[in-house]
Protein chains: 4
Amino acid sequence: MVVIMKAGFTTDQLESAVKAMEAGGVKVMVSKGSETTILGAEGDASRIDQEKVSMLPGVDRVMRVSEPYKKANRKYHPDNTVIDLGNSATVGGDRLAVIAGPCSVESEEQIVGVAESVKRSGAAALRGGAFKPRTSPYAFQGMGNEGIRLLQEAKAATGLPIVTEIMSTDNIEMFEMCVDVIQVGARNMQNFDLLKQLGHTTKPILLKRGLSSTIEEWLMSAEYIMAGGNDRVILCERGIRTFETFTRNTLDLSAVLAVKKLSHLPVVVDPSHACGQAWMVERMSMAAVAAGADGLIIEVHNDPPHAKCDGAQSITPDQFDALMGRLGALAQCVGRSL
Amino acid sequence: MVVIMKAGFTTDQLESAVKAMEAGGVKVMVSKGSETTILGAEGDASRIDQEKVSMLPGVDRVMRVSEPYKKANRKYHPDNTVIDLGNSATVGGDRLAVIAGPCSVESEEQIVGVAESVKRSGAAALRGGAFKPRTSPYAFQGMGNEGIRLLQEAKAATGLPIVTEIMSTDNIEMFEMCVDVIQVGARNMQNFDLLKQLGHTTKPILLKRGLSSTIEEWLMSAEYIMAGGNDRVILCERGIRTFETFTRNTLDLSAVLAVKKLSHLPVVVDPSHACGQAWMVERMSMAAVAAGADGLIIEVHNDPPHAKCDGAQSITPDQFDALMGRLGALAQCVGRSL
Amino acid sequence: MVVIMKAGFTTDQLESAVKAMEAGGVKVMVSKGSETTILGAEGDASRIDQEKVSMLPGVDRVMRVSEPYKKANRKYHPDNTVIDLGNSATVGGDRLAVIAGPCSVESEEQIVGVAESVKRSGAAALRGGAFKPRTSPYAFQGMGNEGIRLLQEAKAATGLPIVTEIMSTDNIEMFEMCVDVIQVGARNMQNFDLLKQLGHTTKPILLKRGLSSTIEEWLMSAEYIMAGGNDRVILCERGIRTFETFTRNTLDLSAVLAVKKLSHLPVVVDPSHACGQAWMVERMSMAAVAAGADGLIIEVHNDPPHAKCDGAQSITPDQFDALMGRLGALAQCVGRSL
Amino acid sequence: MVVIMKAGFTTDQLESAVKAMEAGGVKVMVSKGSETTILGAEGDASRIDQEKVSMLPGVDRVMRVSEPYKKANRKYHPDNTVIDLGNSATVGGDRLAVIAGPCSVESEEQIVGVAESVKRSGAAALRGGAFKPRTSPYAFQGMGNEGIRLLQEAKAATGLPIVTEIMSTDNIEMFEMCVDVIQVGARNMQNFDLLKQLGHTTKPILLKRGLSSTIEEWLMSAEYIMAGGNDRVILCERGIRTFETFTRNTLDLSAVLAVKKLSHLPVVVDPSHACGQAWMVERMSMAAVAAGADGLIIEVHNDPPHAKCDGAQSITPDQFDALMGRLGALAQCVGRSL
């Protein structure tokens, strides 16, 4: 942390600023110039309340030097975190993890059928929503508990680990029992109560980036979960909100690189929600792998025109199979396998 | 709803599209031209699944004509909704409602002291956070239940109704007992589980606009609460996330006008969170009232430099008193009282 | 400027960094700590190439402390700049300047008629486009030179100074002869060639903020004009591009406060282009004045439904007259006159 | 075009709306329902002034059905446009075109040296700025005419066609004589005067997307150039402005897919300006090719730490050579060659 004093500060003001910094457990270096005086913090400045120091009389501004997240920070954990999804699939290692399945679970036939298809094509895990966050209270809200049960049947039939979204802290216990990876949706990325409680579970958490979350805020939300004791966080880039309306959101692939540099956590990309259009999924999946993503999460539906939600962005099992073929070749170009 | 058929559609495709629309309970008008064929829905098209129709073979695109929210829609409820905050204060009528208080409750002395000050200056209600949404898990998270108890003491001392943020569905019962207005923060605006459960409470809900929520999404979140049976929603514009970094967020005052036109619900403005800087609060409060806001929610702290959070954007009781004086004169220019 | 060295930097690297800073004409203070070493610049750091220093080996990062604009900076020119528009109207003083007129000049009858109306209502100057920036090459592009001639006739009839947009450096000489205030549109805010050449004119420049320009970039564009010798720049906030689509752009009234604090230049607000809807103009004009704008620029058309462009956002002369009445009362509340 | 009438419209109003549409040369279909009446345009609606019709009494809203651009529209030109850059290099065909070179021309040694390096690595053309758009009037503005002369020397030495940015219409004649591809920078994307004049040149135009330009606005700017008679427009995605600050801009690779679908024009990607950080260039280049870009434009500097501008985002000739190697393998995965 660096503090710049205002022109004309008094000795008392300087002392107060130094004390406020020292109270946070750092040593303070003072550089007095004829016009500018600068205070530098030596040591871990994370316990200093930057805002408070910035408001002290005589202080012009405070500049942060280090990241506010620790457990998620690559600086303190240089090696990539590899997370076991269950059933020998992992994310974060050399092998790409492709998670596939319908937006929502609709029937046993549908979810088991899709699970079998994507399994044959090489998917590492099955996604499917049982509790759905919908903009409208009048839209289909998911099958709920019954959806979870059907996902378990699909798992029994295929061996694929299950990834599904949690909407309520009321369901945490049940999810911990019944689900392999608990997904936190973009709209809940800063539902801190949910994050805290998920920090006490033992299941991997797939944490989607919020629609307008900076990379730092996203990592801070991962930090919430990790601070509670659960280190197994999978980040998921799914598009951010911008002025552009052609796509549902704007897929930010540079965020994949940024997050891999700043953090040791694995990151996957969701091209389906980012683009909102099935025809874009193949190419954006390939771009994500080329950029360095550790995996993908893709919406696959046996009958997109009759899907109960997000049909427009779902690809068919055949399209998924073709995509997996292309990804296999591409993975080699970037030193990965599928 | 209007459906445009693709060039070269077949008779079967046309019939399927018509049937899909009729299944939603509307009458369909067909306009066949030599190049373009258009289907128009006659009646309430809200039960038609627009996405599904858009994916039918032969359909080029679907355009929505009416708003997806009903209970929040001024079209069906032309008169302004006036909400009783308790203790004779209302929001949505001619009289402006100014809600004031610290970002977070810190001590009995602090909250009672601030409450007494803002009451003297004419505040309609007291705000104060007991459960705080913080970006960092390591930052002060609020006093919790003890904070609620201190708010009640401040209410006992001043008669001011209490406005405070809810973070967890676990607290709904307690909030319903102890609090006058339940605030939903910007980060929880699409926490649909919370919204649904708040729909079953009897307390007014102050619903902050999400950082990147469109006006329509904001009204749909109000609709979630109203669909559950709670019609008393107060909208709160608190700045949106844009590329500009000088201010913490960008206060969107045109949203106040938009919401007043589209909806019958009252809308208040939070200049403190929008700007993030105390020196901007007075002028942006005045601008909000000139724009037509039904009230304001302002952070006031007895000792901003020592506030446990958001001190930089808090004004002092004296500054608040001066602001109230200026607002009184301004209110008259726009046909309101304070 | 503050430079943070990387952990493990060498003595040579430190010396290079110090030299690079000293080459920019500053004295350098070095604070060595056991973990962090900080270099602070003493004096005017504006000639140091920050990017270059940031790339030196051993340098972790560079943080700028002072603003990159000087002539536009209030720090060096504490008093408000008051600009004479011609014919005794000024902008930047106690009296608000309201510039009004049609989007584009369409005929002698139209422009003279509107000029007479807005003059009666108290406008300080007449706006009207002769050269129009249109998104489509197939849309009406303005009357060109003939439009300028008609503006001059309107000036002759009413005495109102003329404000009109320049699209091409080819027209600078003609504009300098025929026009009172030269407007630079939002899309040309970083047309640096145009800005440079306008710096050599003697006419006031109304500089609109770019659709996605930060406040700093906007002031840097003013600096371009001022660096050329023309100090008479009027800033104009006209809405920024955000994710929200209800309004054409999002009017950023906090930018008015920001710019008044950072700079001594006057700032006016264009609610017509910001909102894109005539019914919003009155309230957003009032909000702008309450926020502290030095004036407004408003589209007024005698027959909006038949306007050649921007009819949807134009108000009628009668509506303008009513607005001026309301603004007069409001101005007093904020210590201004109209 | 589809027009929705307001509830309670009169026969006269309906007739006026129909006439206004017919005046634009279309046949009008009228669908009367008991609640909703819809008018559909049959034929080319591009000459109807949509805004004007939307303001007619009795009209509720107008919805556009077709794109406003024609010459740039793939609908009317299904085949990919392939543009000859000179010297046998093309963009838009199977072979990827990689344009490389320094941000700005600094000396003969520098530009010829970089040209020789990138030529050896397989670049199709040389980029280098002679006229530089800089945010600050005090920053290096480029070598001007001398820079163009040096680019010509580099071309003489290597045979590489030259791509360089135009800042002023004053230079068009000279650029047409001396340059192979004329670049229009992001800040000038809606400098309509410049676009119009470039429409009369015979050189390919590399048109960068504006920082906050929608895909439609970008294609409309291409249309400006094409409407003037110059069909050779190369689109360039270079990142858009969003709330995220980790990268200089947010590279929007889905825009590549969108533009390839909507238009027949070739599109290249500039990862250097998008990310602003050299270490991100390799991976984002690969992602761009995977997404389907027709080429890349990459900043390569022989000595980035001493570059006169944008050193932080420039890669070295060695890094460029390595990147070209990786791109070669990747190109095959997507059915392209390098």
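So, Glu237(C) is buried, at 0% relative accessible area; buried here means under 20% relative accessible area, with exposed over 50% and partly exposed in between, using a 1.4 Å probe and protein chains only. Keep in mind that this is a predicted model, where local features need pLDDT of at least 70, side-chain atom pairs count only at pLDDT 80 or more, and totals for chains, interfaces and linings use all residues. On bookkeeping, residues are numbered from 1 along each chain as its sequence is written, chains are lettered from A and ligands numbered from 1 in the order in which they are written, and side-chain values use heavy atoms, with hydrogens and water left out.

Okay, what does Glu237(C) pair with in a salt bridge? The partner is Arg209(C), at 2.9 Å from N to O. By salt bridge I mean a side-chain nitrogen of Lys or Arg within 4 Å of a carboxyl oxygen of Asp or Glu. This pair links distant parts of chain C, 28 residues apart: Arg209(C) is in the loop between β11 (205–208) and α7 (215–227), and Glu237(C) is in strand β12 (residues 233–237). The helices (H or I, at least four residues) and strands (E, at least two) are DSSP runs, numbered from the N terminus.

Arg209(C) counts as buried too, because its relative accessibility is 0%. It also forms a salt bridge with Asp252(C), with the closest N and O atoms 3.0 Å apart. Again, distant parts of the chain are linked: Asp252(C) sits in the loop between β12 and α8 (254–262), 43 residues from Arg209(C). And Asp252(C) is buried, also with a relative accessible area of 0%.

Now over to chain A. Arg209(A), Glu237(A), Asp252(A) and Glu244(D) are joined into one network by salt bridges that share partners.

Chain B next. Arg209(B) and Glu237(B) form a salt bridge, closest N and O atoms 2.9 Å apart. They're 28 residues apart, with Arg209(B) in the loop between β11 and α7 and Glu237(B) in strand β12. Both of them are buried. Over all chains, the count comes to 64 salt bridges.

Last stop, Gln190(C). Where is Gln190(C) in chain C? In the loop between β10 (181–184) and α6 (192–198). Its relative accessibility is 10%, so Gln190(C) counts as buried. Leaving out residues up to four places away in sequence, Gln190(C) touches Glu217(C), Ser221(C), Thr135(D) and Arg187(D), where contact means heavy atoms within 4.5 Å.
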